[in-house]
Amino acid sequence: NDKGAFKPLQGASVLWLGTTQGTVTNEQGVFSLHQHSGADQIVISYTGFKADTITINPQEAVMVVMAKNGTLQEVKVTARQRSMYISTTNAFRTQVMTEKELYKAACCNLSESFETNPSVDVSFTDAVTGSKQIQLLGLSGNYTQLTVENLPGPRGLATPMGLNYIPGTWVESIQLTKGAGSVANGFESIAGQINVEMKKPETAEKLYANVYVNSMGKTDINLNLAQKVGKQWSTELLLHDAFLYNNMDFNKDMYRDLPTGNLFTALNRWKYEGTNGWMTQFGAKVLTDRKVGGDMNFTPKQHQGTTHMYGLGFNTDRYEGFAKIGYVFPEKKYQSIGLQLSGFDHKQDSYFGTTTYNAKQQNFYANLIYQSIINNTNHKFRTGLSYVHDKYHETLNAQHFQRTEAVPGAFFEYTYEYLTKFSVVAGIRADHNSLFGWFATPRVHLRYQPFSNTTVRLSVGRGQRTANIIAENTAVLVSARQFEILGTQNGKAYGLNPEVAWNEGI
């Protein structure tokens, strides 16, 4: 070792322990040794270096770093990770926000976690419901794919309020990708993708309690519990309760500045890590949200459905479940197969003055991914099958809208890496939407690093999504505007075609 650079040792002696059978290393420091019956340890020696005895597995390659005589016995290397960073070796422009970054905006859910991030704009959808949305690349949050540990996050009917449904104390890190994401995660990413990594059962604190109260009386109570069960199992229980019952009216217009009510959510998850390459995790989540807004003197029991006093309310119940099953081939660590499963039932009853909007969505998602290499680790690929099933039933006053979308698909993604300077990720997927037919989703990402601290990326990709035009525009329902959908046709979502976009960036 010369100032951090390793140099090969030619002529080093390599012997099976207790025998005279062995070999010597060549000019590159490489050796090959026939297995000796009953021996599993080798002794490596070289003049001026300390001899080393190691246990080896005949199925694996081994690299030995030898220490010079008279050097220290122990070297400690320490490092500190930045609170927010962008990997220079990743072809995707992914900004990672760690727990330290979240501490800067320590209240209270995902929508408030981005307030210190210049890449994302967070704004109120309207001044009555209090819902927040993110804006990425100038587009509203509807066009940013939100995933939780690469499984579908709040989507569909939950899109407007979805950021409020993920408590900040549950989050371990956030990965923010601008532009089209990976085809392995689906076809809906248009402006970008936000992936949330939750705290893991095996590494989370055994007990974490947190209470937040601000001057308006908004209160958040959090309790995280984690426990290892034996050597291979671990479990976690996450609880969150947020409530505000003070009628706040800072501008004295006789209307609540924020809706009052309570949001409660709980998550229980389990994880199994086997010694033979198997890994399994599964969990369930429940959420209830009750909100009332409008006139300061509005009470639902007295005034709901009347014109005496304006008010609005949300009653939401959401149930989720997920599972992941993965297998890494023991003798080929680069080769693995995994199955992702998730589903949810989302029901929302709401009213805005005399306008009522009730909606229900049932979702099932499955994604099978196989990854390996072609000849060597410079050439990697991922391929698999996916299936998304959504069933919607919406009622707006006397209008009923129902649809079922079933989207089976397949994808292939190839990655080429040349040292640390250049990489390419090219992917394509083909899907069949039961309402709109076949469509293709190609995406390409290039990265070139001409020298240290300078990285150039180029990306281009296609995205497609079905707009939920009522749920995504509830701000229109707050006013007295008439919401009319013209020319509806059977077999399409509200009679409309899907939204399609191409995203190119450098």
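User: Which residue in β21 is the bridge partner of G338?

Analyst: This is a predicted model, in which local features need pLDDT of at least 70, side-chain atom pairs count only at pLDDT 80 or more, and totals for chains, interfaces and linings use all residues. Residues are numbered from 1 along each chain as its sequence is written, and side-chain values use heavy atoms, with hydrogens and water left out. Strands are DSSP runs of E (at least two residues) and helices are DSSP runs of H or I (at least four), both numbered from the N terminus. In β21, G338 has as its bridge partner I369.

User: Over how many bridges do β20 and β21 pair?

Analyst: Two strands count as a pair if DSSP finds at least two bridges between them. β21 covers residues 355-374 and is antiparallel to β20. In their hairpin, two residues lie between the strands, and G353 has a positive phi near 65°. The number of bridges between β20 and β21 is 17.

User: Which strands are the edges of the open sheet of six strands?

Analyst: The strand order in this sheet is β5-β6-β12-β13-β10-β11, and the pairing is mixed. Within the sheet, β12 (171-178) and β13 (192-198) run antiparallel and are joined by seven bridges, with I174 opposite V196 in β13. An edge strand pairs on one side only, and the two that do so are β5 (84-86) and β11.

User: Is E149 buried or exposed?

Analyst: E149 lies in the loop between β10 (144-148) and β11. Its phi is positive, near 55°, in a residue other than glycine. Buried means under 20% relative accessible area, exposed over 50%, and partly exposed in between, with a 1.4 Å probe and protein chains only. The relative accessibility of E149 is 4%, so E149 counts as buried.

User: Is K252 buried or exposed?

Analyst: K252 sits in the loop between β16 (233-244) and β17. Phi of K252 is also a positive value in a residue other than glycine, near 55°. Because its relative accessibility is 68%, K252 counts as exposed.

User: What is the volume of the largest cavity?

Analyst: On a 1 Å grid over the protein atoms alone, a cavity is a set of points where a 1.4 Å probe fits but cannot get out, while a pocket is an open set with protein on both sides within 12 Å along at least five of seven lines; lining residues have an atom within 4 Å of a point. Grid points are joined across faces, edges and corners, and a volume is the space filled by probe spheres set on the points. Searching the whole structure gives two cavities of 30 Å³ or more. The largest cavity has a volume of about 310 Å³.

User: Which strand gives the most to the lining of the largest cavity?

Analyst: The lining has 21 residues, and V148, P152, K285, E320 and F322 are the closest to the centre of the cavity. By class there are 11 nonpolar, four polar and six charged residues, where nonpolar means Ala, Val, Leu, Ile, Met, Phe, Trp, Tyr, Cys and Pro, charged means Asp, Glu, Lys and Arg, and polar means the others, Gly among them. At least two lining residues come from each of β11 (151-152), β17 (260-273), β18 (278-294), β19 (311-328) and β20 (336-352). The strand that gives the most, with five residues, is β19.

User: How many charged residues are in the lining of the second largest pocket?

Analyst: The second largest pocket holds about 720 Å³ of space. It is lined by 42 residues, with Q145, R155, G156, T159 and E188 nearest its centre. Elements that give two or more residues to this lining include β10, β11, β21 and β22. Alongside 13 nonpolar and 20 polar residues, the number of charged residues is nine.
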